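Hello,

Here is the structure you asked for. Please open it first, then read the notes below.

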Amino acid sequence: MKILVTGGAGFIGTHLINALLERHHNLKLEIVDDLSSSALTKKRREFFERNKIKFFHQTVEDWQPSGWYDQIYHLACRVGPAHVLKYAGRMAKEIADDADKVAKLAIRDGAPMISISTSEVYGKDPKGIPQREDIPLEVPSTFSVRLEYALAKLLNEISLINLATVESRLRVNLIRPFNIVGPYQTGEGGFVLPRFVEAALVEKPLTVFGDGSQIRAFTHVSDLVDSLIKIMESGVNKRIYNVGTPENTCTIRRLAERVIEMTGSRSEICFVNPREIFGPLYAEAPSKIPDISRIKKEIGWSPKWSLDETIEDYASFLGKKHPLLAVA
Ligand SMILES: NC(=O)c1ccc[n+]([C@@H]2O[C@H](COP(=O)([O-])OP(=O)(O)OC[C@H]3O[C@@H](n4cnc5c(N)ncnc54)[C@H](O)[C@@H]3O)[C@@H](O)[C@H]2O)c1
């Protein structure tokens, strides 16, 4: 079995690689990653060597594939509300070109492919709460970098599904993750739970953007990885699935309070206008709540981690008491 993971050195990739190694004996793994938002530490390099993982330190665009693959997970992408700002105006083309290149490999090899889309496709003002995969999607007329990210991911969904309709060798499925969190995610890209836990552990103020009334449903990365592997092994084709945890729905203000309660921190909560920090192109959705009935019914997947368990797991990772710290 030979598996390609693009973006495999990143947050989700790290967990996926671990799960794949646990699942398959004699697995050959290849990773393509330009390390733009991850790092090849000594520990990680040794981990790759120990597990005979072939690592290509390249962008998907520059990489020249040499082998054949049985399965392909396409994860590589610029991610994070703050991190994406650096790629304004260039991100959409890269997202489309990379997906096209990876899809051509999947067609060449007849390898099933999963591409990660985003729940941002539901936009700023979703036409349904919770959001189902088939609600109408609307394109706003105010532009932001977040919109460029969301629309490029949506274009990928459309072009991959259309391509698979006319090209029977392409077997492809996509997922729309809702606020994935867990060990190895960092606050640098602007992700909220890592920022809050980092601040709480050193008793600094927890910075809430706006009034904190934005609603999110946080999902532990282990649940997401479980969904990816289940979809890959299910034999479904041309499907799009929400992956999220509706039970873990809360406002950002409540999340900040809960992090403070659970870590026993004396931090305070402060409210700021994110555009004053990140500039006028910053944007985020007010409410993102997944309807996961499709993936439950068709794949038999359900999330297992509660919000408190997810916060606790992240806090133990940052407090360096986490079993996964041996990995990367
Ligand atoms: N984390 C979330 O909550 C979330 C939510 C929705 C969607 N996603 C999607 O999941 C995927 C993985 O995200 P993540 O959270 O692990 O982010 P991440 O930034 O930790 O991982 C992405 C990895 O891809 C690499 N990369 C980025 N662009 C590349 C390129 N053009 N060529 C080669 N390597 C490149 C980065 O260096 C990084 O290691 C992305 O496609 C992202 O859009 C994540």
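**The largest cavity**

The largest cavity is lined by His74, Ala76, Cys77, Glu94, Ile95, Asp98, Ser115, Ile116, Lys153 and Asn156. A cavity is a set of points on a 1 Å grid over the protein atoms alone, where a 1.4 Å probe fits but cannot get out; lining residues have an atom within 4 Å of a point. Helices (H or I, at least four residues) and strands (E, at least two) are DSSP runs, numbered from the N terminus. H3 gives the largest share, three residues.

The lining divides into four nonpolar, three polar and three charged residues. Here Ala, Val, Leu, Ile, Met, Phe, Trp, Tyr, Cys and Pro count as nonpolar; Asp, Glu, Lys and Arg count as charged; the others, Gly among them, are polar.

The largest cavity holds about 70 Å³ of space. A volume is the space filled by probe spheres set on the points, and grid points are joined across faces, edges and corners. By this rule there are two cavities of 30 Å³ or more.

**Where the model comes from**

This is a predicted model: local features need pLDDT of at least 70, side-chain atom pairs count only at pLDDT 80 or more, and totals for chains, interfaces and linings use all residues. Residues are numbered from 1 along each chain as its sequence is written, and side-chain values use heavy atoms, with hydrogens and water left out.

**The whole chain**

The protein chain has ten helices and 13 strands. Its radius of gyration (taken over C-alpha atoms) is 19 Å, close to the 20 Å that the globule rule (2.2 Å times the number of residues to the power 0.38) gives for 328 residues, so the chain is as compact as a globular protein of that length. Its C-alpha atoms fill a box of roughly 55 × 45 × 40 Å, taken along the principal axes.

Buried residues make up 55% of the 328. Buried means under 20% relative accessible area, exposed over 50%, and partly exposed in between (1.4 Å probe, protein chains only).

**Backbone details**

Which bond joins isoleucine 129 and proline 130? A cis peptide bond, with omega about -5 degrees. Proline 130 sits in the loop between S5 and H4.

Lysine 238 has phi near 60 degrees, a positive value in a residue other than glycine. Lysine 238 lies in the loop between helix H6 (221-234) and strand S11 (240-243). Lysine 238 is partly exposed, at 30% relative accessible area.

Conventions. 1 Å grid on protein atoms, 1.4 Å probe; cavity = no way out; pocket = protein on both sides within 12 Å on 5 of 7 lines; lining within 4 Å.
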